[in-house]
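Let's take a friendly walk through this structure together. Please have the sequence at hand as we go.

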Amino acid sequence: LAQWQPGEILYDHAVFQAKLAQRTSTIAGVLWHQGESDCGEENYPHYEEKCMHIFESMKKELGLSNDVPFIIGELGSYLEQKGGMLVNYSYINEALQNMAAHHEYIGCVSADGLTCNPDYLHFNAPSLREFGIRYFDKFKEMNQIIEMGERESFQDNLTEIERL
């Protein structure tokens with residue numbers, strides 16, 4: 001998360017790209033999948049706090065309300081087989097689940113049953129497709145909470161996405 005903090009390169013790049021997109025589009029959601037590099041014993045205890053700081057900063061800089069969901073994805077359990085600090089992946093997943101449980105605008109997507117490439121670090125193609133479906137399902141689920149007037153515009157966007 002160090003490079004994702006406000007003022008750091010990954011954060012600044014993401015916010016810059018999002019602001020460019022906002023010139024012609026509306027941000028309907030933010031997808032987040034990160035955490036492998038934060039599995040070390042010195043990092044995972046602070047993951048939730050640092051991640052929430054990033055999300056709150058992004059919301060402020062981009063003018064996003066709580067109606068714009070942040071959908072976060074768990075790390076794969078196969079990381080344990082890779083060894084090293086990655087055996088701590090479950091602490092990151094706990095932090096992700098806790099964020100979703102305590103913040104209405106955050107939804108957590110399970111990585112249960114997903115499998116990896118031979119590197120034991122990245123999801124394989126079938127699992128990435130499944131993960132994408134899970135992200136979309138969570139997006140649809142979270143948008144059921146939005147007030148009726150806004151839900152109609154989201155439904156129009158969802159219908160168009162599903163058509164594609």
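What follows looks at a pocket and then at some aromatic rings.

Keep in mind that this is a predicted model. Let's begin with the largest pocket, which has a volume of about 160 Å³. Its lining includes Ala-14, Val-15, Ile-27, Met-58 and Leu-62. Two helices, H1 (9-22) and H2 (47-62), each supply at least two of the lining residues, and H1 gives the most, with four.

Now for the aromatic rings. A pair of them is described by how far apart the centres are and by the angle of the planes. The count here comes to eight aromatic pairs. In one of them, the ring centres of Trp-4 and Trp-32 are 5.2 Å apart and the planes stand at 70°, so the pair is edge-to-face. Trp-4 lies in the segment before H1 and Trp-32 in strand E1 (residues 30-32), so this pair ties together parts that are 28 residues apart in sequence. Trp-4 is partly exposed, at 22% relative accessible area, whereas Trp-32 is buried, at 5%.

Because Tyr-44 lies in the loop between E1 and H2 and Tyr-91 in helix H4 (residues 89-102), the pair ties together parts that are 47 residues apart in sequence. Tyr-44 counts as buried at 18% relative accessibility, while Tyr-91 is partly exposed at 37%.

Finally, Trp-4 and Trp-32 belong to one aromatic cluster with Phe-55, Phe-70 and Tyr-105. Over the ring of Tyr-105 sits the charged end of Lys-59, 3.7 Å from the ring centre.

How values were computed
Residues numbered from 1 in each chain as written. Predicted model: local features only at pLDDT ≥ 70, side-chain atom pairs only at ≥ 80, totals over all residues. Heavy atoms only, no water. 1 Å grid on protein atoms, 1.4 Å probe; cavity = no way out; pocket = protein on both sides within 12 Å on 5 of 7 lines; lining within 4 Å. Points joined across faces, edges and corners; volume = space filled by probe spheres on them. Phe/Tyr/Trp six-rings, centres within 6.5 Å; stacked < 30°, edge-to-face > 60°. Buried < 20%, exposed > 50% of the residue type's maximum accessible area, 1.4 Å probe, protein only. Lys NZ or Arg CZ within 6 Å of the ring centre and 35° of its normal.
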